[in-house]
Every structure is written in C-alpha cells, then in structure tokens.
Amino acid sequence: MAVGDLTMCKLLTGGKLALVMALGAVCHCAQQLPNTASKRGDFFAEERLIKNLMTSYVREARPVLRHADAVDVTVKFSFVRVEDLIEATDTFGSSLFIVQIWKDPRLQWNVTNYQGVRTIRLPAARIWVPDLVLYNVAYQQPPVSLYESTVTVTYDGTVVLVPMLTLYSTCPMDLRNFPYDEQSCSMVFGSWMYTSWEMNVTFIANQTEMDVVLNEEDSSYLAHQHPQWELVDNRARARLSLKKYECCQQPFTLITITTKLRRRAQFYRYLTVVPAAVLGLLVPVIYLVPSNSHDKTTFGLLLLLCLTVLMGILQQAIPFNHGSLPRICSFYLGTMILTCISVVASVITANISIRGGRRKPLPAWLHSIFLGRRSLRRILCIGDYGPINNLYASYASSDVYISSGRGQIEETLQDLEGREDFGARGGGVDQPLQGFCNGGGRGGGGEEGKVADLLPLTRYGKFIVGKMAADATYRNIHQEWEELSRVIDRCLFVAFFILYIFTASSLL
C-alpha cells in the first residue's frame, strides 16, 4: 500500500512538471505573436490599399472630378534602337520608350492609414491610361509592349506609365541618291478618342518641341546598332500640333516625331558603285584596240555581260518596283547604252579600215580633215606617218619611145595591160632574149633585127614596173584608210571618256 502511494505521487509530480513546461511554451508563443502580427500587418498594408483603391474603380471613366475638366498628360519619347527601314514597303520600324505622366484623383490615399506606403504598382490594364496610338501605322505585328505594362502610382495620385514599344510606321522613301541617301520618316501619335479639350497632351517643361535622343553612351543596356541605317546625330525632333477634323468641333492633339536616317554606304560602295565605275571606265578603252582586231566586239560584249550580272546584284540590294529610280540604276543604263554604241562604232571603224582593200582612194576632204598637216591627227597627237615612196609611179606612167630606122614605136602601160593577146602572139621572153643573146634577130640580123628583139623586153619591163607601182599605190591607199580609222577611234575614245566622266559625276 505504501509502495502504491509512492508510485502515484511520482506520477502526479511528473504530470505537474510537464504541465508547467507546456504553460511556459504557450506563454513564450504568446509573447512572440504580437511581433509576427505586426509584421504581417505591414506586409498586408499594400494589399489592403490596392483592394480599397480598386473596389469601386471604373477604368473606362476619365480621371477628372468634373466632366468639363481635361486630363493633363505629360509625355516624353526616347529611342531605344532603329529596327528596320524596308524599301520595298516604305516601312520604318523602331523601338522607343513613351513616358506618360498624369494624375488620377481616384488613386490618392493617406500614407499614415497604410503604415507609410507611398508607392504601389498596378497593371496598366486595371486603370485608365491615355489612348495614345500611332496614326500612320504600317501593319507588321500588333504594336504591343515588349514587356508587361505596369504603372507606378504615388500617394498623391500621380501615375507614371513607361511602355517600351516596337512600332512600324509608313515612311515614303526617296532612293534617287542610293546608296548615299538620307531618309526622313515621321511618326504621328495622338489620342484616338479624346479631343484636346478632354485630354491635354504636353511635353515635359511645357515645350511645344523637344529632342528625342538616342544616347548609347548613357544607356544602361547595350543598344544594338542597325547594320544598314543610323539615326542622324542620334536624335529626332518631336513637335506638338492641333488638328481639327470635320467630324468634331474640338481639335485633336498630334505629336509628330521626325527622324532622319542615314544609310551606311560602305557595303554598297564596294558592291555596286566601284564595280560600276570600273566597268564604265573600260567602255572608252574599246577604241584603243586596233581597228583590224576582232577582239573589239568581243571586249564590248564581255562588258555587256558584266553589266548584266551587276544589275542582278543591284536588284537584290534594292527593289526595282519602287516609285523612285536610283541614279545608280540610270548610270548602269547609261553605261550599257554607251557600251552598245561603242560596239556599233567599232564595227563601223573596222569596216572603214578595210575599204582600202577595195582599192577605193580616200577622198581629199577626208584626208584634209583627218590626215592633213593641220588635221585632227595633229590635235590628238597621234604622230606622223609617211606613205610608201612609189619609185616606179613616174616611170610606169610615162611614155617610152624606141627608135628604129622605120620610125618610132610608142607603147604605154595602159596599152600593155589592154592587149589581151600579148602573150598569145609570140611575144614571149625566151625567143627575143635568146635571139638577142645569139647576136641575131628575126629579120636576119642587123640593127633593125636587134631593135625588134628588144621591143618585147621593153614591154615586159614596163609591165613589171607598172605592177610594182600599182602594188605601192594599193598599199598607200590601204594605209590611208587604216590611219583614218585610227584617228576616228581616237576621237571616239576622247568623246566616250568625256561622256563617262560627265555621266559618273552626275549619277554617282
């Protein structure tokens, strides 16, 4: 019995000790609860604030106390980068920040009621925001923000919205100075629903014009430069204006951002301009090839083939369906026309050079203009040329008289060539020459026989001399025609070189 009472006392003592420890733990937890509750109250103050602000908020209503008031919206633009400038569709793409600041009285609160919460952030889709849209939009993709649109709201109702948008606008381009062209593109922004009496849009510092700057050095991110286009002076110009439409009495506020873009021409300079200039310079070189050479036309046709290949490369660089024609295309066309004319002129001069082969002498007036002492030959510094000295011409054209006892026998070169039966009637060389060498003649000897034997030799001698004189005359005629074609080629070389310089300076 005593043992049982002792055991019961031990159990009661252990239970009291456990109860005391549990009560201590509960008291410790009770001391910690107020601090945790205080922290949770700080954490949920912003949640409670947003819930209270959004409970009865209507995003379709303008944030004004009176209906006649206008919402003052301050805007500022800044470029992020140039996305693209497409020549085929006249489209300008760019990414930019649009800073928009306004006040919404419905989003004001007392800081002390919410444990010092001064700013909150809300999705832009839950509150009223200015409906600034791009008027001259060129549809590429929906102009949505690159990041989730969120507004920053301060306790006095000031709302700040900074979306980053990629927009594509129409930009009529003038490609006449390609690839050294500068394009001016405009982006027109404005409210789609509200007039200037309902939403008053102004720039920061109440300016009517401002610079839209792309400053890559001060940027906190690495801005990607467009490989083909650059923004002139890294800035654009924004201007405010009022536009009144026939539908409404109140004007609308327009924001026009004018950008000037310059093409990076280094790639196109080596791809299209330099090859075109080199091929154009080779056109007058065709006339330095000798007229009697068949390589002149081959050289010209090879130039035409190279120009055709370059035209294909140029077509890949810029679209040929554009409204304005680049001057470099006109240069290609002009070079092709000059090459065609040069090929035709080369054929004509080659034909002139072989007219001497037809034994037609050069007219005197052509000789005086091109080959005379004060002719184009001297002006072009081609140099003198001397005709072949025809030693036989005077003898062949003179009359030869052979005396005999019976009178005089007269024979000329023309008579000799006109006698077709000269050789058929026994006028061979062997018989008279053999008789003369044997000391006798056909008449039985004597002086008269010797004279009769010398007469065929004299005729043959005059024929040989006349043939040599005719060959020398032919060579002189042929040389004169060749020299004429040479002077004409040099004149065409100078003319085509001047035309090339004029064409290149005006079109390139």
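The crossing of helices α2 and α3 is left-handed, a crossing being left-handed if the near helix is turned anticlockwise from the far one by less than a right angle, and right-handed if clockwise. The model is predicted, with local features requiring pLDDT of at least 70 and side-chain atom pairs pLDDT 80 or more, while totals for chains, interfaces and linings use all residues. Residues are numbered from 1 along each chain as its sequence is written, and side-chain values use heavy atoms, without hydrogens and water.

Two packed helices are described by the angle between their axes and the distance between the axes. For α2 and α3 the angle is about 160° and the axes lie 10 Å apart. The two helices are therefore roughly antiparallel, the term for angles over 145 degrees. Their contact (heavy atoms within 4.5 Å) involves Tyr-268, Leu-271, Thr-272, Pro-275, Ala-276, Leu-279 and Leu-282 of α2, together with Phe-299, Leu-303, Cys-306, Leu-307, Leu-310, Ile-313, Leu-314 and Ala-317 of α3. Of these residues, 14 are nonpolar, one is polar and none is charged; Ala, Val, Leu, Ile, Met, Phe, Trp, Tyr, Cys and Pro count as nonpolar, Asp, Glu, Lys and Arg as charged, and the others, Gly among them, as polar.

Buried positions in α3 are Lys-296, Gly-300, Leu-303, Leu-304, Leu-307, Leu-310, Leu-314 and Ala-317, where buried denotes under 20% relative accessible area and exposed over 50% (1.4 Å probe, protein chains only).

Helix α3 also packs against α4 (residues 327-353), at an angle of about 165° and with axes 9 Å apart. This pair is therefore roughly antiparallel, and the crossing of α3 and α4 is left-handed. Among the α3 residues that meet α4 are Lys-296, Gly-300, Leu-304 and Met-311, and the α4 residues include Ile-328, Tyr-332, Met-336 and Val-343. The contact of α3 with α4 divides into 14 nonpolar, seven polar and one charged residue.

Gln-266 lies in α2, which covers residues 266-282, and is exposed because its relative accessibility is 53%. Its C-alpha atom is separated by 9.4 Å from that of Gln-228, 38 residues apart along the chain. By contrast, Ser-169, in strand β7 (residues 164-170), is buried, with a relative accessible area of 0%. Leaving aside residues up to four places away in sequence, Ser-169 touches Asp-90, Thr-91, Phe-92, Leu-134, Asn-136, Val-137, Ala-138, Ser-186 and Met-187.

Notes:
Helices (H or I, at least four residues) and strands (E, at least two) are DSSP runs, numbered from the N terminus. Axes are lines fitted to C-alpha atoms, for helices over the stretch in contact, and angles run from 0 to 180 degrees between N-to-C directions. Angles under 35 degrees count as roughly parallel, over 145 as roughly antiparallel, 65 to 115 as roughly perpendicular and the rest as oblique.
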